[in-house]
Structures are given as C-alpha cells and as structure tokens.
Amino acid sequence: MVYLWKVTAKQSLANKIAAGMWVEIVKTGTNARPNYREIASAFNEKYKFNINESSCNDIYFDIVQMN
C-alpha cells in the first residue's frame with residue numbers, strides 16, 4: 001500500500017526552512033510517519049537546501065497523512 005504524507009513546518013528552522021513551507025512524502029509498505037531523515041531529504045530535494053538531518057526533529061512539523 002502507498003501512503004502520502006504532508007509535512008509542514010510549524011516554525012522557522014535551521015535558518016532555511018520558514019514556517020509554512022511544506023513537502024509531500026510518499027511511503028510504500030508502511031503507514032509509519034516520516035522520520036527525521038525522510039523529512040530532511042524531502043526538504044533538501046524540493047527546496048535545494050543542504051539541511052542537516054538532526055535539525056529536522058518531527059516536533060517542529062505538522063505531519064498529516066493525506067490518504
């Protein structure tokens with residue numbers, strides 16, 4: 001099964017992510033919420049950042065399953 005997650009920043013983070021910026025993360029085979037590595041990777045890919053994974057603790061994001 002495929003799951004789509006929308007991850008939205010609640011506040012500014014790492015001097016690069018502004019509150020309200022968002023990414024979509026697609027996961028297959030599990031409905032587990034995206035982890036910090038997946039969140040950092042998605043932001044780095046979408047916005048061409050170089051964000052350290054340790055900066056992307058899930059407490060700074062609203063994570064919503066879309067399907």
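## Ser-55 and its loop

Helices and strands here are DSSP runs, numbered from the N terminus; a helix needs at least four residues, a strand at least two. The model is predicted. Ser-55 lies in the loop between α1 and β3.

Is Ser-55 buried, exposed or partly exposed? Its relative accessible area is 23%. Buried means under 20% and exposed means over 50%, so Ser-55 counts as partly exposed.

Ser-55 touches Leu-13, Ala-14 and Tyr-60, leaving aside residues up to four places away in sequence. Ala-40 is 15 residues from Ser-55 in sequence. In space, their C-alpha atoms are 7.9 Å apart.

## The sheet

Three strands form an open sheet. Their order is β2-β1-β3, and the pairing is antiparallel. The edge strands, β2 and β3, each pair on one side only. On average, neighbouring strands are turned by 25° against each other, direction ignored.

Seven bridges join β1 and β2 in the antiparallel sense. Val-2 stands opposite Thr-28 in β2. Helix α1 packs on the sheet and touches β1, β2 and β3. The direction of α1 makes about 125° with that of β2.

## The nonpolar core

The largest nonpolar core has 17 residues. Val-7, Ile-17, Ile-25, Ile-39, Phe-43 and Phe-61 have the most contacts inside it. At least two core residues come from each of β1 (2-9), β2 (22-28), α1 (36-47) and β3 (61-65).

What does Phe-61 touch, not counting residues up to four places away in sequence? Its contacts include Val-7, Ile-17, Ile-39 and Phe-43. Lys-10 and Cys-56 are also among them.

Note on methods. Residues are numbered from 1 along each chain as its sequence is written. This is a predicted model: local features need pLDDT of at least 70, side-chain atom pairs count only at pLDDT 80 or more; totals for chains, interfaces and linings use all residues. Side-chain values use heavy atoms; hydrogens and water are left out. A nonpolar core is a set of buried Ala, Val, Leu, Ile, Met, Phe, Trp, Tyr and Cys residues joined through side-chain atoms within 4.5 Å. Buried means under 20% relative accessible area, exposed over 50%, partly exposed in between (1.4 Å probe, protein chains only). Contact means heavy atoms within 4.5 Å. Two strands pair if DSSP finds at least two bridges between them. Axes are lines fitted to C-alpha atoms, for helices over the stretch in contact, and angles run from 0 to 180 degrees between N-to-C directions.
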